[in-house]
Amino acid sequence: MRKFNIPHKFEFTSIIQLYGQWIREGKLKVNSDWNRDLKVKFTVQDPCNIVRKTLRQEMADELRFVVKTIVGEENFVDMVPCGVNNYCCGGGGGALQGGFPEERRAYGKIKFDQVMSTGAQYVIAPCHNCHSQIEDVGHHYGGNYRVLHIWTIMCLAMGILGENERTYLGPGLADYGL
Amino acid sequence: MTSPIELDDLECEFKEEVLDRVPDALLDLCMTCGTCTGGCPASGLMDMDPRKLLRMVNFGMDEAVKKSKWAWVCTMCARCVNACPMKINIPKLVYNLRGAWPRDKRPKGIRGSCDQHIRAGNAMGVPTADFIWTVEDVAEEIRETQPQFKDMQVSVDRVGAYMAINQNSREPVTEPDELGPLWKILNIVDADWTYPSVMWAGENYCLFLADEEGWRYIMEEFVDHIDNNLGCKLVVNTE
């Protein structure tokens, strides 16, 4: 809209900022108690579009506030580098449908290595392209991590994740809270 | 025998073209330091990297540059311009390089998704009626099987809702059960929200295809629907 100067009356925001706002306001009563003893380790992917290319560190901080609230500060491991300097997963720019899978996976090897270095069992990917690509390179290079949308882990933490909403959870969490 | 390059004789048509369209791309300022290339995951793929691409553009090697498929391997992630000491906008250069390809020669997958989006409002090409049916079906199942959410309302095109929420079309199409968790969160915080039926998908393959006309059309249709039909005050991107 900015690019084309299309006038509009509404404001624009990301669900991540709303999650953050609702947690601070106490509307979203979510915490990391569920993971205190389980100690499942999580990392997060900073999507280029909402972090480096738009709200930058502000969005990276908000994303971490939300994720750490859900999984616990002690169970969160950042990739290096991350935030504004994060590496693109390699699924962006249409690459997942660009027709060059070999190059796409070579590109994604950096992301794969970054994830593996964290030792995390789960990567939270708040962008659908990142989700698909990180999952794909994980399978391709033999990683043992899984990739989640934020809403899955948020609902798990609040004890409201339905039985059929657990596709992306691994064996340790697939039955948790049922 | 090789001879020195005569700078005065260089014809850099493509560079001039890009600079006309993107005056702040600063393509002439490259010091060839290679910071872009050092931090780019696409460096070396297809024997190309950001610095080399920019050199070729600045040497007027237009034909070779336009022939390289690297423009489709770079994801325009902007790590290069973020690190560049001269702030040269390489992603914009790549975007324009994509746009220099005849539309029917651009990658079929990206083109197909862009065409579907223009036609159906989402890159998967699902008819709006099917999207609405899926949403209602999943919502009904949650109401029936999860007692805590027996009164949960999910709507499409509810006029006057405060928020319009978009959704990547892969969710309703290939993994509809992924919709429920988001709705439950929205339900818990008592959010006043709806899905728009026009251009409801979160993705944007026309941007990736460098199809300006298609991209603009999608945005205009979306803005018109939100402002003039629904009156939502906030548009929420879910990815």
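**Stop 1: Ala83 of chain B**

Select Ala83(B), which is partly exposed because 16 other C-beta atoms lie within 10 Å. A residue counts as buried if 20 or more other C-beta atoms lie within 10 Å of its own, as exposed if 12 or fewer do, and as partly exposed in between, with C-beta atoms placed from the backbone. Ala83(B) belongs to helix α5 (residues 79–83) of chain B. Helices (H or I, at least four residues) and strands (E, at least two) are DSSP runs, numbered from the N terminus.

The model is predicted; local features need pLDDT of at least 70 and side-chain atom pairs count only at pLDDT 80 or more, while totals for chains, interfaces and linings use all residues. Residues are numbered from 1 along each chain as its sequence is written, and chains are lettered from A and ligands numbered from 1 in the order in which they are written.

Thr35(B) and Ala83(B) are 48 residues apart in sequence, yet 6.6 Å apart in space, C-alpha to C-alpha. Leaving aside residues up to four places away in sequence, Ala83(B) touches Thr35(B), Cys36(B) and Gly39(B). Two residues are in contact if their C-beta atoms, placed from the backbone, lie within 7 Å.

**Stop 2: Helix α7 of chain B**

Select residues 108–120 of chain B, which form helix α7. At 1.5 Å a residue, its 13 residues should span 18 Å, and the end C-alpha atoms are 17 Å apart, which agrees. The expected span is 1.5 Å times one less than the number of residues.

Which residues of α7(B) are buried? They are Ile110(B), Arg111(B), Ser113(B), Cys114(B) and His117(B). Seen down the axis of α7(B), these buried residues fall within an arc of 165 degrees, so they line one face of the helix. The arc is that of the directions from the helix axis to the C-beta atoms. An α-helix has 3.6 residues a turn, so residues three or four places apart point the same way.

The buried residues pack against α11 (205–209) and α12 (212–230) of chain B. Just after α7(B), Gly121(B) has a positive phi of about 90 degrees.

Ala210(B) is buried, because 23 other C-beta atoms lie within 10 Å.

**Stop 3: Where the chains meet**

Display both chains. The contact takes 52 residues from chain B and 48 residues from chain A. On the side of chain B that touches chain A, the residues divide into 28 nonpolar, 11 polar and 13 charged. Ala, Val, Leu, Ile, Met, Phe, Trp, Tyr, Cys and Pro count as nonpolar, Asp, Glu, Lys and Arg as charged, and the others, Gly among them, as polar.

Now select the strands of the open sheet with the order β1(A)-β3(B)-β1(B)-β2(B), whose pairing is parallel. Strands β1 (11–14) of chain A and β2 (193–194) of chain B stand at the edges, each with a single partner strand, so one side of each is left without a neighbour in the sheet. Two strands pair if DSSP finds at least two bridges between them. Four bridges join β1(A) to β3(B), and Ser14(A) stands opposite Asn237(B). Strand β1 (residues 163–165) of chain B pairs with β2(B) over two bridges, with Met163(B) opposite Trp193(B).

**Stop 4: Chain A**

Select helix α5 (residues 150–157) of chain A, where eight of its eight residues are buried. Its cover includes α1, α2, β3 (122–124), β4 (146–148) and α6 (171–174) of chain A, together with α10 of chain B. After α5(A) comes Gly159(A), with a positive phi near 70 degrees.

Next, find the open sheet of three strands in the order β2-β3-β4 of chain A, with parallel pairing. Its edge strands are β2 and β4 of chain A. Three bridges link β2(A) and β3(A), and Thr43(A) has Val123(A) as its bridge partner.

Finally, select Val80(A) and Pro81(A), which are joined by a cis peptide bond with omega about -10 degrees. Pro81(A) lies in the loop between α2 (51–71) and α3 (101–118) of chain A.
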